[in-house]
Amino acid sequence: MQEPFAFLIAQEPVFKDIYDQYGLPTIPQRPEGFETLVLLILEQQVSIDSAKATFLKLKTIGTGIHPEILLDLCETQFRAAGVSRQKTSYIKALASAILSKELLLEALATAPPYEVRETLLKIKGIGHWTIDIYLMFALKAPDVFPLGDIAVVNTLKELFNVHEKSEMEMLSQSWSPYRSYATYLLWHHYLGKRKRTINYNP
C-alpha cells in the first residue's frame, strides 16, 4: 500500500471503512499541458462522460487539440462539437495566452501549487476547481483538497456530518500532507456506493 493511503487509513476510521468495503482507489493521471486543461474546462459542471464525448468530437473537428488549431476554429465548429459559447471563449482565452507566451505551461511543472494557482487564475474561465484537478491529475500534487467538487462535498456531509465549507477545510487539515489522496478515497466511496466506475483518461 502506498504511504499516503497507509497514513490516512491508520489515522481516520472512515477511510479504513472505505478501504475495507471498496479497496484502494485508482489514482487518476493525465498528461501535463493544453489538452488536459481543455478537457477540464469541458468537464466544468457536466459529467466526465459527457465532457469526454465533446472533447473527442472537438479533437476530430480540429484535427487535434493544439492552441493554434483551436484558436482558428470558428464558433460554429465549436458548437458542432457540443461546446457552449461560454466554454468556447474559455478555451480560446487559454490558447491565446499560451501562444502569446503569457502562460508558460512547462514552467508550472516545477512551480509550487500556490504559484500554479496564481498563474492559472489569470486565465478567463479557469477557476479553483479546474486548478485543483490539474494539480492533482497532471502535476501529481499530494496535498490538494477540492472543495469546489460536488462529490467531495456531498461525501463529507454524508460520512462526517459537516455542512459548512469552513468545517470541511478544518477537518481536512488533519489529512495533510496527503489531502489529494483523501479526495481519491472520498470519490472512491461516492462511486462505489452508486456502483459506478469512471475512466479519467481522455
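**Salt bridges, burial and a domain interface**

Biologist: What makes the pair Lys-16 and Asp-20 a salt bridge?

Modeller: The closest N and O atoms of Lys-16 and Asp-20 are 2.9 Å apart. The model is a predicted one. A salt bridge requires a side-chain nitrogen of Lys or Arg within 4 Å of a carboxyl oxygen of Asp or Glu, so the pair qualifies. Both residues belong to helix H2 (residues 13–22) and are 4 residues apart, about one turn of the helix.

Biologist: Why is Lys-16 called partly exposed?

Modeller: Its relative accessibility is 40%. Buried means under 20% and exposed over 50%, so Lys-16 falls in between.

Biologist: How do you know that the salt bridge of Arg-117 and Asp-132 links distant parts of the chain?

Modeller: The side chains of Arg-117 and Asp-132 meet at 2.6 Å, N to O. Arg-117 lies in helix H9 and Asp-132 in helix H10, 15 residues apart.

Biologist: What makes Ile-126 a buried residue?

Modeller: Ile-126 is at 4% relative accessibility; the cut-off for buried is under 20%, so the label applies. This residue sits in the loop between H9 and H10. Beyond its neighbours within four places in sequence, Ile-126 is in contact with Ile-41, Leu-94, Leu-120, Leu-121 and Ile-131.

Biologist: What is found across the interface of domain 1 and domain 2 in terms of salt bridges and polar contact?

Modeller: The rule finds 0 salt bridges there, and 1 residue pair is in polar contact. On the side of domain 1 that touches domain 2, there are 7 nonpolar, 3 polar and 1 charged residues. Domain 1 (3–28 + 144–194) and domain 2 (34–138) bury about 660 Å² between them, 74% of it on carbon and sulfur atoms. Pro-28, Val-144 and Pro-146 supply 55% of the area that domain 1 buries against domain 2, more than any other three residues.

Key: Residues are numbered from 1 along each chain as its sequence is written. This is a predicted model: local features need pLDDT of at least 70, side-chain atom pairs count only at pLDDT 80 or more; totals for chains, interfaces and linings use all residues. Side-chain values use heavy atoms; hydrogens and water are left out. Domain bounds come from an automatic or database domain assignment. Buried area is the accessible area (1.4 Å probe) that two parts lose on being put together, summed over both. A polar contact is a pair of N or O atoms within 3.5 Å; within protein, one must be able to donate a hydrogen and the other to accept it, and residues adjacent in sequence count only if both atoms are side-chain atoms. Ala, Val, Leu, Ile, Met, Phe, Trp, Tyr, Cys and Pro count as nonpolar, Asp, Glu, Lys and Arg as charged, and the others, Gly among them, as polar. Helices (H or I, at least four residues) and strands (E, at least two) are DSSP runs, numbered from the N terminus. Buried means under 20% relative accessible area, exposed over 50%, partly exposed in between (1.4 Å probe, protein chains only). Contact means heavy atoms within 4.5 Å.
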